[in-house]
Amino acid sequence: MLRACVDARRAGGVSRVRLRGTRALTAPLASALARLPGASGAARSIAFDPPLVPACAGTDSLAVPAGDAAERLVLVARTSRKKHLAARLRLGCHAGAGQEPGHGTPGGTPGGTPGGTPSPSPSPPGDPQPPVAGDGPPPAIRFARHVIDSEGGGQVTEAIGAGDLDGDGSPDVVVGGDERLIWYHNPDWTVHPIASGTFGAGAMLVVRDIDGDGRLDVVTGALDGDRTTVWFQNRPDGWVRHVLSSGAYCHDLVFGDLDGDGRADAACVDQQRGRVVWLGAPADPTAEWTLHVIDGNENAMGAAIADLDRDGRPDVVAGRAWYRNAGGGAWTRVQYTDVQVDGYAAFTDYAKVSVLDLDGDGRLDLFATLYAETPAGRVYAFLAPADPVHDPWTAVPIDPGPLFGVHSQAAASFDGSTRPQIMVGETNIGGFDFGVNPHPHLNVYRLLGPAADPAAWERTTIDTIGTHEAQAVDLDGNGLPDLVGHMENTDLVGQNGPVDTWYNETTP
């Protein structure tokens with residue numbers, strides 16, 4: 001099994017890894033790295049969006065042939081910031097089943113196919129072990145809230161994102177609302193306009209480089225009579241608006257190369273039309289993206305892209321199901337849970353989902369808040385079986401709740417260790433006439449033992465106010481992820497939407 005551990009303090013994470021050396025080493029390693037969450041690319045250059053933050057991630061079994069010729073491998077990691085900062089990628093090597101360290105099979109991979117490509121869904125050697133978490137007791141997780149803007153730019157806020165828009169090395173904050181799209185400069189939080197209009201209402205806001213010019217752009221939904229997905233090109237002379245899709249309005253939007261052409265596509269949960277689609281990236285990034293339907297009859301919430309069955313093709317997670325990418329435009333729906341809550345049938349497929357290896361067995365698992373946006377949310381871990389298509393996933397109840405209106409979830413190394421840690425945030429004010437949350441919480445769930453043991457999951461409440469679409473991002477450059485979020489639905493109580501940050505004061 002390959003575990004990639006990133007140490008990128010103050011570097012903002014690793015956004016690209018280039019491999020140099022002899023093909024016997026670079027080819028299987030590139031294939032394995034391409035299966036990590038957020039990976040895209042081909043051959044010897046793998047990009048990560050979002051960047052790999054300080055943590056460890058697992059991927060497939062990896063074996064390389066041991067020959068007589070000298071082998072050479074060089075890894076070059078590029079950070080997500082434009083500074084010369086220290087970043088290291090460590091690769092741990094482990095023996096496969098029935099193999100002694102250093103004894104591969106010439107011309108092939110044990111349990112795999114010739115040429116070093118792992119076979120689909122291999123079973124890991126031995127019993128699953130929890131991820132390495134460091135020595136000693138875990139540090140207490142602490143955050144301190146600061147208000148960026150109590151008025152959200154003088155509007156009801158709808159969506160939020162973060163990224164370094166001006167290239168100064170510090171992530172800025174972007175907010176869409178019912179009157180304008182704006183960004184706040186970090187750290188003085190000066191407000192700058194992007195566009196006028198209604199943005200992000202029922203649509204996600206994503207900060208990423210769409211056109212490949214090295215500057216981060218802004219993607220979100222726009223209400224101009226019709227609901228469309230647009231992106232604003234970040235140019236030295238100002239912002240230029242483009243249509244990404246006129247046929248999709250993405251409540252959830254994640255990026256990854258779904259068709260293997262080397263360009264990052266997008267998976268989109270379109271609640272307005274009740275379907276899950278993917279948008280193919282064009283050669284000309286200013287052209288409209290091509291819409292493909294994955295599931296034309298699915299009212300869901302929550303999305304992720306990851307290769308769950310380890311066949312080399314990224315799959316799509318939406319709600320309580322994942323869609324197997326069989327290639328050639330074929331998708332198969334696989335439901336990973338049948339948990340039911342009475343009284344909320346319309347929200348059965350509403351979830352917030354995070355994909356990561358929770359139990360250290362090399363297979364990607366799911367951490368999900370089911371019945372998100374309702375007053376009946378509950379938190380589970382779903383551990384992947386050897387055959388994630390046909391075998392049942394192991395459900396581990398983590399928090400029976402009820403959690404109210406969950407609309408924020410992010411996995412990150414909040415305490416600086418490799419322990420799985422996931423932030424889950426309730427909202428202040430619920431949609432769908434659910435009203436005001438009487439007791440909102442912002443929690444971090446941290447795994448301190450075997451992932452299959454519900455008692456091994458620790459819950460830390462870091463604040464008792466709610467938030468919407470909170471994201472984990474290192475705002476102050478100390479190497480630990482902070483949080484940034486906003487308050488939605490404030491029009492229901494007659495106020496504008498505040499924008500908040502939570503600075504991470506944990507001492508690793």
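1. The model is predicted: local features need pLDDT of at least 70, side-chain atom pairs count only at pLDDT 80 or more, and totals for chains, interfaces and linings use all residues. Residues are numbered from 1 along each chain as its sequence is written, and side-chain values use heavy atoms, with hydrogens and water left out.

2. Start with the rings. There are 14 aromatic pairs in the structure. Rings of Phe, Tyr and Trp (its six-membered ring) pair if their centres lie within 6.5 Å; planes under 30 degrees apart are stacked, over 60 edge-to-face, and the rest tilted.

3. Take Phe 199 and Phe 232. Their ring centres are 5.7 Å apart and their planes stand at 75°, so this pair is edge-to-face. Phe 199 lies in strand E13 (residues 198–199) and Phe 232 in strand E16 (residues 226–235), so the pair ties together parts 33 residues apart in sequence. Strands (E, at least two residues) are DSSP runs, numbered from the N terminus. Both Phe 199 and Phe 232 are buried (under 20% relative accessible area, 1.4 Å probe, protein chains only).

4. Now Tyr 336 and Phe 382. The centres of their rings lie 5.0 Å apart with planes at 65°, so this pair is edge-to-face. Tyr 336 is in the loop between strand E25 (330–335) and strand E26 (351–356), while Phe 382 is in strand E28 (residues 377–383), 46 residues apart. Tyr 336 and Phe 382 are buried.

5. Two arginines sit over rings. The charged end of Arg 208 is 4.2 Å from the ring centre of Phe 255. That of Arg 227 is 5.2 Å from the ring centre of Tyr 249. The cut-offs: NZ of Lys or CZ of Arg within 6 Å of the ring centre and within 35 degrees of the ring normal.

6. Next, a sheet. It is open, with 4 antiparallel strands in the order E22-E23-E24-E25. Strands pair if DSSP finds at least two bridges between them. Strand E22 (303–306) and E25 are the edges, each pairing on one side only. Strand E24 (residues 321–327) is joined to E25 by 6 bridges. Tyr 323 has Arg 333 in E25 as its bridge partner.

7. Last, the cores. A nonpolar core is a set of buried Ala, Val, Leu, Ile, Met, Phe, Trp, Tyr and Cys residues joined through side-chain atoms within 4.5 Å. The largest has 26 residues; Tyr 336 and Phe 382 are among those with the most contacts inside it. A second, separate core of 17 residues includes Ala 381 and Tyr 445.

Terms used:
Buried < 20%, exposed > 50% of the residue type's maximum accessible area, 1.4 Å probe, protein only.
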